[in-house]
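Have the viewer open as you read.

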Amino acid sequence: MSAHRPSVVIVGAGPRGIGLIERIAANASELYAGSGLDLHLVDPHPPGAGRIWRAAQSPLLWMNSHAEDVTMFTDETVAMAGPVAEGPTLHEWAGIDGRTFADRQLQGTYLRWFYERAVAALPPSVTVHHHPRRALRVSGPREGRQQVWLEDRPRPLLADLVVLALGHLDAELDQEQGQLAAYAGEHGLVHLPPDFTADSDLSPLAPGEPVLVRGFGLAFVDLMVLLTEGRGGRYDGDTYVPSGREPVLYVGSRRGVPYHAKIGYDWTGERPPLPRFFGPAEVDALLARPEGFDFRRDVWPLVEKELGFAHYHRLFTVHPERTAVDWSVFEEKYAAEGDPSGRADLVASAVPDPADRLDLAALDRPLEGVRYGSFEEFQEGLRGYVEGDLGRRHDRAYSPDLAVFLGLLSVYGQLVRLGDIGPWWHGFFSCLASGPPGPRLRQMLALSRAGVLKFLGAGLTVVAEDGVFRASSATVPGCSVEARALVEARLPEPTVGRARDPLLRELHADGAAETPEGLLRVDPADGRVLDRAGRPHPRRFALGPYTDSRTPGAFTRPRTGGPAFRQNDATARAALLFLRELAGCAAA
């Protein structure tokens with residue numbers, strides 16, 4: 001082998017890419033003492049903030065987590081081989097109240113600082129190069145150097161290893177969206193497909209005109225903000241004062257309700273001892289099954305029992321006056337009961353108030369089977385639902401809800417090892433654990449009372465007919481709303497086959513494997529890209545939401561085990577070991 005200065009190309013310089021650099025810096029002294037290393041960062045946006053957290057966006061857009069719950073630094077709870085390198089959370093670094101929902105521009109500044117700190121921690125022999133361009137494709141033999149081709153550059157970057165840290169991706173329209181877009185073009189309507197709301201051109205949504213919105217999650221919250229405060233409206237206490245430039249938003253979704261509000265109090269006392277019923281041993285057993293496993297049949301019962309354990313541990317140990325038996329008695333029976341219906345009977349006998357019982361189905365689909373007699377009646381009903389959710393999520397008397405949140409984080413950390421387990425789980429997790437800040441829900445209530453925001457209900461269907469878009473819902477039978485504008489308020493699906501990113505599509509065409517849901521398959525041990533025969537590529541890695549090892553949330557909550565940190569560390573160590581072996585081979 002001819003000697004050359006080793007190089008690694010990292011495509012994507014947002015939080016995941018710079019987190020990998022930090023882990024390379026942390027592990028380099030142990031694993032790599034080579035003759036130098038070039039790290040090439042490829043991203044059209046500045047390193048650190050990347051596209052999503054860049055400075056060039058509205059200051060009205062907030063993070064979706066408290067500042068104290070956002071960190072880029074590892075701690076002792078992360079199960080990894082590399083060293084812990086602690087550092088400040090966002091609120092510690094910025095000197096702001098930990099309960100603040102910081103704006104995204106501030107988070108971008110924190111990420112830029114983290115990037116600069118990570119680069120400074122690299123050995124002197126490591127040089128970082130930023131290429132403000134898009135990567136178009138990766139070529140090269142499995143056993144040789146890779147070529148990373150960049151936009152407007154005639155020669156490729158040469159790399160011993162390539163790591164894809166692409167983050168969220170744009171996607172081509174699916175069949176239904178393509179038909180709606182075509183209909184809009186033919187009839188002079190407005191159709192805004194799934195997108196990152198901060199990047200969407202909202203100018204076609206005219207003041208005072210009805211706009212159908214499909215999607216009630218975080219993308220909708222951004223849309224709501226930009227079309228109200230972003231157009232000059234303001235809040236006077238709990239009252240919204242319109243500017244007159246707002247459209248009228250009619251929003252619905254499969255659930256028909258917004259995600260549950262962020263919990264508005266801190267944890268106190270003993271944490272539930274997790275994992276208990278869904279931990280490494282249970283995951284090992286699932287992975288060892290030669291016939292494979294089914295999520296609903298084999299995994300969900302374990303998850304449900306784990307979340308119930310977290311809930312009732314908190315209820316019995318902190319609020320024993322609301323239970324009918326001692327915790328030790330309940331715990332023994334709960335652990336022994338393998339049938340969900342048997343556990344339900346146990347709970348009913350031990351927890352008198354139904355409001356203290358965990359009902360995951362009702363939390364996931366609160367409007368299931370609920371019908372309203374009129375559109376106006378439903379507006380009042382949903383405002384009551386949102387007010388009730390806000391009240392509960394800010395009331396310490398219902399602290400078992402926070403225990404369930406901790407259970408969800410524990411479960412997600414285990415599920416990562418199973419690969420992607422389908423879109424239902426991610427939606428369920430987001431609804432319970434990744435909802436909007438409480439103030440955003442209070443704004444929804446004010447907008448509803450002001451007539452700027454109207455609720456459509458669950459099981460939303462949208463059709464294009466008679467020259468308009470028409471929406472109806474199972475929640476209010478016989479009621480429909482028509483409009484000349486439709487917004488798909490959700491992020492593009494992170495599928496390999498429909499990704500607009502040319503590099504990912506070329507990778508797929510070159511033999512990279514995908515899951516049935518369209519995610520890129522990677523080795524769960526270190527993130528190496530798998531081919532369709534299941535073989536890991538020795539020189540290509542991938543991290544992020546478009547892979548089947550995607551992790552929860554954009555950022556890690558301190559001292560929760562951080563599966564993204566664990567993945568970053570494993571990938572960094574695998575890369576450094578590969579480079580060390582390569583250097584030894586070259587020297588020989």
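This is a predicted model: local features need pLDDT of at least 70, side-chain atom pairs count only at pLDDT 80 or more; totals for chains, interfaces and linings use all residues.

Cys479, with a relative accessibility of 22%, falls in the partly exposed class. If you were looking for sulfur bridges, the count of disulfides is zero, where a pair of cysteine sulfur atoms would have to lie within 2.5 Å to qualify.

Another residue worth a visit is Gly252, part of strand S12, which covers residues 248-252. Is Gly252 buried or exposed? Its relative accessible area is 0%, and because buried means under 20%, Gly252 is buried.

| Residue | Relative accessible area | Class |
|---|---|---|
| Cys479 | 22% | partly exposed |
| Gly252 | 0% | buried |

Which residues does Gly252 touch, once its neighbours within four places in sequence are set aside? The contacts are Val213, Arg214, Gly215 and Phe216, together with Leu456, Gly457 and Leu460. For Val213, the separation from Gly252 is 39 residues along the sequence, while the C-alpha to C-alpha distance is 6.5 Å.

Stepping back to the whole chain, you will find 16 helices and 19 strands. The radius of gyration is 25 Å, close to the 25 Å that the globule rule gives for 588 residues, so the chain is as compact as a globular protein of that length. Along the principal axes, the C-alpha atoms fill a box of roughly 80 × 65 × 50 Å. Of the 588 residues, 54% count as buried.

Now for some open space. Rolling a probe the size of a water molecule over the atoms shows where empty space is left. The second largest pocket has a volume of about 760 Å³. Helices H7 (295-318), H9 (340-350), H10 (360-364), H11 (375-393) and H12 (400-415) are the elements that each give two or more residues to its lining. How many residues line the second largest pocket? There are 30, and those nearest its centre are Arg357, Leu358, Asp359, Leu360 and Leu363.

Definitions and conventions
Residues are numbered from 1 along each chain as its sequence is written. Side-chain values use heavy atoms; hydrogens and water are left out. Buried means under 20% relative accessible area, exposed over 50%, partly exposed in between (1.4 Å probe, protein chains only). Helices (H or I, at least four residues) and strands (E, at least two) are DSSP runs, numbered from the N terminus. Contact means heavy atoms within 4.5 Å. On a 1 Å grid over the protein atoms alone, a cavity is a set of points where a 1.4 Å probe fits but cannot get out, and a pocket is an open set with protein on both sides within 12 Å along at least five of seven lines; lining residues have an atom within 4 Å of a point. Grid points are joined across faces, edges and corners, and a volume is the space filled by probe spheres set on the points. The radius of gyration is taken over C-alpha atoms; the globule rule is 2.2 Å times the number of residues to the power 0.38.
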